[in-house]
2 protein chains.
Amino acid sequence: MSRKEQIDQVATSLFKSRGFAATTMRDLALELGIEAGSLYSHIKSKEDILQRVCFKMADEFNAAFDEVKNQDVPPSEKLRLAIAAHVRVLTKNPPAAGVFLNEWRHLSEPSLSKFHEMRFQYEESLREIVRAGMATGEFKVNDEKFVVLTLLSSLNWLHMWYKPEGKMSPDDIAEFLSNLLLNGLKHF
Amino acid sequence: MSRKEQIDQVATSLFKSRGFAATTMRDLALELGIEAGSLYSHIKSKEDILQRVCFKMADEFNAAFDEVKNQDVPPSEKLRLAIAAHVRVLTKNPPAAGVFLNEWRHLSEPSLSKFHEMRFQYEESLREIVRAGMATGEFKVNDEKFVVLTLLSSLNWLHMWYKPEGKMSPDDIAEFLSNLLLNGLKHF
DNA sequence: CAAATTTGCTAACAGGCGTTCGGTTTAGTA
DNA sequence: TACTAAACCGAACGCCTGTTAGCAAATTTG
């Protein structure tokens, strides 16, 4: 792993636990055992790090979802696959997921607009699945926007809790959450 | 409304949109049309504001839940009531809810520990309802911790989206979310 | 009206911030 | 061994931060 990647990784962990604004370059340097100024041999700026982390995660979410998108399965099954893909990315690198989900607002333009756009597209793809399920009558709801927002927010707390050494694998978690969202507590 | 309350309110709105660390006392003063130093005739410190907002919201959540706690109804109905209470508090003051949910980590000790403790108690009360539902067989799940975390995170995005002038009332929203969580997309 | 209290301004403080820069050490290569 | 390039240091920069102090209006109270 290059020094730059190492910086990104340590920074990600600090950004997640303390927040971007509350993490200083001196904190970061201390964690790496070097001086603050030395960081600038490897990175362009503090926000430079944030951008890399955010857009790398965005790419991973998109890549995972692309494998689901065009499969020829019923909407409910496709939603299961999308949930599993989302959970897999979320649990693969929880600190980065935390930064992606909570620190993106510290991006400045034009990165911020680009980020918004990518997220909108991702959410729109999910809404399409829900709309398809409504059309076939599989999903008994009538507000796909609301459903998708609830869906995402019910998944996006995972990074705060998931531990690789825990007893549930990412796929176990995805199955649990799929059952909960599709069938509810009562018909689980 | 006293000047102090006005400061808290404006600060809440800024803390929510920019984050606590990224909001300066000079920003806040500008918004109020005064100088930064003048704020200190009314408040003790920046964190002083954050503490008031966080603990006031915590009190409101607890108060709303206390009215549900001891009602003699089946667990699924009690969960519906708890969700409705939670949603009501969340939508009553969305900016304050946003600060409560996202900015609490900038509290310093001993406030931070007190906050953690209060949140644990709140979550524990919800877990008790779910456990009761598992015992009666009403809820077909076996991991109340996981369920409660999912439940809360599926509610706690609301403050980002809810607008009082929107077409759904807090009770409409609560009903929608209760149906989704109890019955799922398929049996909605 | 007079006294007291609230509210606000101005200026400054001490420290922290991200970042820059010239020079030095280290590691790799031929 | 001699050269090159990457990695790092240490000091400094200009700016921003929360907060304080002394003083002046404004407002409320008796």
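Let me begin at one particular spot, B:Pro110, which sits in the loop between helix 5 (94–102) and helix 6 (111–136) of chain B. The peptide bond that joins B:Glu109 to this proline is cis, with omega at about 5 degrees. Please keep in mind throughout that what we are looking at is a predicted model. In chain A, the bond from A:Glu109 to A:Pro110 is likewise cis, with omega near 5 degrees, and A:Pro110 is found in the loop between helix 5 (94–102) and helix 6 (111–135) of that chain.

Now let me step back to chain A as a whole. Its secondary structure comes to eight helices and zero strands, and its C-alpha atoms fill a box of roughly 60 × 40 × 25 Å along the principal axes. Of the 188 residues in chain A, 52% count as buried. If we take the contacts in this chain between residues at least 6 apart in sequence, we find that 64% of them join residues at least 24 apart.

That brings me to the interior. In soluble globular proteins, nonpolar side chains tend to be buried together. Here, the largest nonpolar core has 132 residues, and those with the most contacts inside it are A:Leu28 and B:Leu28. Which residues does A:Leu28 touch, if we leave out those up to four places away in sequence? They are A:Ile7, A:Val10, A:Ala11, A:Leu14, A:Leu39 and A:Ile49.

Next, the interface. The contact takes 39 residues from chain B and 39 residues from chain A, and the area buried between the two chains is about 3500 Å², with carbon and sulfur atoms giving 70% of it. On the side of chain B, the residues B:Phe146, B:Leu185 and B:Lys186 supply 24% of the area that this chain buries against chain A, more than any other three residues.

There are polar features here as well: between the two chains the count is seven residue pairs in polar contact, and two salt bridges are found across the interface. One of the salt bridges is formed by B:Glu103 with A:Arg105, whose closest N and O atoms are 2.9 Å apart. As for the elements involved, helix 1, helix 4, helix 7 and helix 8 of chain B each give two or more residues to the side that touches chain A, and the largest share, seven residues, comes from helix 8. By class, that side of chain B has 20 nonpolar, 11 polar and eight charged residues.

Finally, let us turn to charge pairs within a chain. Side chains of opposite charge can pair when their charged atoms come close. Over all chains, the structure holds 22 salt bridges. In chain B, B:Lys69 forms one with B:Asp66, the closest N and O atoms being 3.9 Å apart, and both residues lie in helix 3, three residues apart, about one turn of the helix. Is B:Lys69 buried, exposed or partly exposed? At 35% relative accessibility, B:Lys69 counts as partly exposed, and B:Asp66, at 46%, counts as partly exposed too.

In chain A, salt bridges that share partners join A:Glu123, A:Glu124, A:Arg127, A:Arg131 and A:Glu144 into one network.

Note on methods
Residues are numbered from 1 along each chain as its sequence is written. Chains are lettered from A and ligands numbered from 1 in the order in which they are written. This is a predicted model: local features need pLDDT of at least 70, side-chain atom pairs count only at pLDDT 80 or more; totals for chains, interfaces and linings use all residues. Side-chain values use heavy atoms; hydrogens and water are left out. Contact means heavy atoms within 4.5 Å. Buried area is the accessible area (1.4 Å probe) that two parts lose on being put together, summed over both. A salt bridge is a side-chain nitrogen of Lys or Arg within 4 Å of a carboxyl oxygen of Asp or Glu. A polar contact is a pair of N or O atoms within 3.5 Å; within protein, one must be able to donate a hydrogen and the other to accept it, and residues adjacent in sequence count only if both atoms are side-chain atoms. Helices (H or I, at least four residues) and strands (E, at least two) are DSSP runs, numbered from the N terminus. Ala, Val, Leu, Ile, Met, Phe, Trp, Tyr, Cys and Pro count as nonpolar, Asp, Glu, Lys and Arg as charged, and the others, Gly among them, as polar. A nonpolar core is a set of buried Ala, Val, Leu, Ile, Met, Phe, Trp, Tyr and Cys residues joined through side-chain atoms within 4.5 Å. Buried means under 20% relative accessible area, exposed over 50%, partly exposed in between (1.4 Å probe, protein chains only).
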